[in-house]
Amino acid sequence: MRKHLSAYILSAGLLLSSCADLEQTSLSSIDRDNFYQSKEDIETAINGIYQEFTVDGFYGMFNNQSIYINDLQTDYVKAGAQTNSAHIRELSNFAVQPTNLFVGYAWEEHYTAINRANVIIDKVSAASWLDEQSKQNYIGEARFLRALMYFNLVRYFGGVPIVLHDGEGEGAPRNTIDEVFTQIVEDFTAAESLPDGYSNRDSKASSLAASALLSKVYLEWAQTITEQSKTNRNDFYQKAIGYADKVINSGKYKLLDKFIDNWSVDKKNGPEHIFSIEHDRSVNANVSGHCTFATNWSNSEPVLLATSDKYYEQTDPRDQRRDGSWAKRLYNPNTGTDFVFDIPRFRKYIDSLNYANPASSGNAAGQSTNTTIIRYAEVLLIKAEAENELNGPTTAAYDAINQVRRRAYWSPYDNVQNTPSDGSVLELSGLSQQEFRDRLREERRLEFVLEGHRWFDLKRWHILVKYVKEHTPSNDEVSGTKTTKVQNVSKKNYYLPLPQDQIILNPNLEQNWGYSGEIGDGPYGAEFE
C-alpha cells in the first residue's frame, strides 16, 4: 500500500493510444502537511481521489481494469488475436497468477485512493477554520469514494486490511469479509448526508448514488456466505429493497427510451446515470472503447472480443439490447456501406458520433465513453432480485423487472411497444421463485454486457464454475482465437490472488486459497458450483 500522496496532475504527454503493456507516471507530489489551508486545497485533494480512477493508462482502475477482470473472467468475452499481453490472456483463460499486472494495479490503485480519502477525512476533521456544513460535505464525499474502493476490493479479494488513517496499514493483516462490508456500509451511510444538489454530474458523489450503491452492497452481502450474512440475510435483502426504493421514489432517475443512449458521448449525465466515471480521450485515454474497436472495419480480432457470435444470434432482434450491446453490422464512413463482422464487436464502446472524424482515427473514437458504475436499470433489477429472494415473486418484484423488459422491447424509432419474437409474454407473471430467479439472471446478462458486472454476478450467485463450463462456446463454435476457459476454471477463481509483491512486503497477508498449489474445494463447499 502506498503511504505517500501521489501527484494530482498527470502530464498530457503521457496519454496512451495502444493496448500494449505501458504505464503512466506521476509528475509531482504535494506536501500534505502544508496543503490543506483552503476550500480550494480540499477540493483539489478530493479531485485527486477521482483522478486515481483513471491513472496508470491501460491498467487504470476504470480505464480497462474493471472490465478486463469482471468480463474476461466469464464465458462470453475472450482475448482476441491483437492481444500482446500475457496478463490479459491469464484473465481470459482463468489462469490468473499473483504476478498479474491487472491484479497488482487493482490492489495498489484502490489503496492509493483509500489513502487519499483518509488524508482528506483526517485533515478536514481537524480543520477548525472550516464551517461545519462544508466539513461534513467534504468528509461525506471522501467516505463515499473510500466505500466504493473497499466494495471493489472485498469482491476482488475477499477480506482485506481496513486502513482508515494515513500512515497506517503497514504489516496489517486481512480483516474479515464481514468487517469490510461493515465499513463499506458505514461510509456509504455517511455519504447519504450529502445535501441535495451537491453536484449536477453523475461522476461526482451524491446522496442518492450512496443509496443506490447501498442497495447493491446489501444484496451482495446477503449472498456472500459469512457469519453475518447467514444470520442477517433477510434483513440485508430488506435493506437492499429499502435503499432501492429510496432511489426509485426520489423521481430523479428514469430509464432512457433508447438503450444505446446510455453510452453516447453527447448524452452524459443522463436521467438513467446515477454514478459514472468520466472519460475524455484528451485527458485519460486508452480505455475499453479503444480496445474493443482497435481493428476498425475489419475481421482482425481486437483485444476484447466475444467468444463467438452466438450471444448476438440468440438475442431477440426485437430486444433493443441486442443492437445496443453488439455490433454485427456497422456503418463504415470510408466506404458509405455497412461492414458485417464475423464476430460482433461490443457496441456500447463504439463512439459512432466521432469514428468518422479524422481526428479520432476510428479506433480511438470510443475513448470518451464514460464507465457506468450504477444506473437506474440496475437499481430496478436489484429491487426485483431482493424482493424475490426475500418474499418470492411479489407484485413489487414483477413491477421492477417488467420496467426493464418494457424498455428492452420498446422501439424508440417508431414509438411502438414490441413483444418477444417467439410469441412469449413481455410482462412476466405467474412464475415460481426459482423461475423468477432464472429470468432475473437472464435480464442482467442481457442488460449489462461489458459493464463490469458479470464475474461479480456469477460469483455472488455461486454458479461461476458451473456456468462457465456449461455456457462457454465449444472450440467448434469459437471463431478465431481459442480459449481454455472450460479447462482452467475452478473454485479458486471465486477470488483473485493477492498480488505477490504485497505478500512479500507484508508477510501478515495470507494468499487466497488455490493460488499456492492447493487442490480440492478448499473453503468452497457445496454452495459453490
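This is a predicted model: local features need pLDDT of at least 70, side-chain atom pairs count only at pLDDT 80 or more; totals for chains, interfaces and linings use all residues.

User: What makes α6 and α8 roughly parallel?

Analyst: Look at the angle. α6 and helix α8 (residues 207–222) pack at about 25 degrees, with their axes 12 Å apart. Angles under 35 degrees count as roughly parallel, so the pair gets that label. The crossing of α6 and α8 is left-handed.

User: Which residues of α6 and α8 meet?

Analyst: From α6 you have Phe144, Phe151 and Arg155, and they meet Ala209, Ala210, Leu213, Lys216, Val217 and Glu220 in α8. Sorted by class, that contact of α6 with α8 has six nonpolar, no polar and three charged residues.

User: And how do you know whether α5 is roughly parallel or antiparallel to α6?

Analyst: Helix α5 (residues 101–125) and helix α6 (residues 132–157) pack at an angle of about 155 degrees, and their axes are 9 Å apart. Anything over 145 counts as roughly antiparallel, so α5 is roughly antiparallel to α6. Here, too, the crossing is left-handed. The residues of the contact of α5 with α6 divide into 18 nonpolar, four polar and three charged.

User: What angle do α9 and α13 make?

Analyst: Helix α9 (residues 227–250) and helix α13 (residues 376–391) cross at roughly 145 degrees, and their axes come within 9 Å. α9 passes α13 in a left-handed crossing. Among the residues of α9 in this contact are Tyr237, Ile241 and Ile248, while the α13 side includes Tyr376, Leu380 and Leu390. By class, the contact of α9 with α13 splits into eleven nonpolar, two polar and four charged residues.

User: Let's switch to single residues. Why is threonine 307 called buried?

Analyst: Its relative accessible area is 0%, and buried means under 20%, so threonine 307 counts as buried. You'll find threonine 307 in the loop between β3 (304–306) and α11 (310–313).

User: What does threonine 307 touch?

Analyst: Leaving out residues up to four places away in sequence, threonine 307 touches Asp75, Tyr76, Val77, Lys78, Pro473, Val478, Ser479, Thr483 and Lys485. Valine 180 makes a handy landmark: threonine 307 and valine 180 are 127 residues apart in sequence and 35 Å apart in space, C-alpha to C-alpha.

User: Then why is serine 361 called partly exposed?

Analyst: Serine 361 lies in the loop between β5 and β6 and has 43% relative accessibility. Buried is under 20% and exposed is over 50%, with partly exposed in between, so serine 361 counts as partly exposed. Serine 361 also has a phi near 50 degrees, a positive value in a residue other than glycine. Most residues other than glycine have a negative phi.

User: What makes asparagine 415 exposed?

Analyst: Asparagine 415 has a relative accessible area of 56%. The cut-off for exposed is over 50%, so asparagine 415 gets that label. The residue lies in the loop between β7 (410–411) and β8 (416–417), and the phi of asparagine 415 is near 55 degrees, a positive value.

User: And what about serine 490: why partly exposed?

Analyst: Its relative accessible area is 26%. That falls between the 20% and 50% cut-offs, so serine 490 is partly exposed. Serine 490 is in the loop between α18 and α19 (500–505). The C-alpha atoms of serine 490 and lysine 469 are separated by 9.7 Å, and the two are 21 residues apart along the chain.

User: Last one: how do you know that the buried residues of α17 line one face of the helix?

Analyst: In helix α17 (residues 464–471), Leu464, Val465, Tyr467 and Val468 are buried. Seen down the axis of α17, the buried residues fall within an arc of 170 degrees, so they line one face of the helix. What covers them includes α15 (433–447), α16 (454–460) and α18 (485–488).

Note on methods:
Residues are numbered from 1 along each chain as its sequence is written. Side-chain values use heavy atoms; hydrogens and water are left out. Axes are lines fitted to C-alpha atoms, for helices over the stretch in contact, and angles run from 0 to 180 degrees between N-to-C directions. Helices (H or I, at least four residues) and strands (E, at least two) are DSSP runs, numbered from the N terminus. Angles under 35 degrees count as roughly parallel, over 145 as roughly antiparallel, 65 to 115 as roughly perpendicular and the rest as oblique. A crossing is left-handed if the near helix is turned anticlockwise from the far one by less than a right angle, and right-handed if clockwise. Ala, Val, Leu, Ile, Met, Phe, Trp, Tyr, Cys and Pro count as nonpolar, Asp, Glu, Lys and Arg as charged, and the others, Gly among them, as polar. Buried means under 20% relative accessible area, exposed over 50%, partly exposed in between (1.4 Å probe, protein chains only). The arc is that of the directions from the helix axis to the C-beta atoms. Contact means heavy atoms within 4.5 Å.
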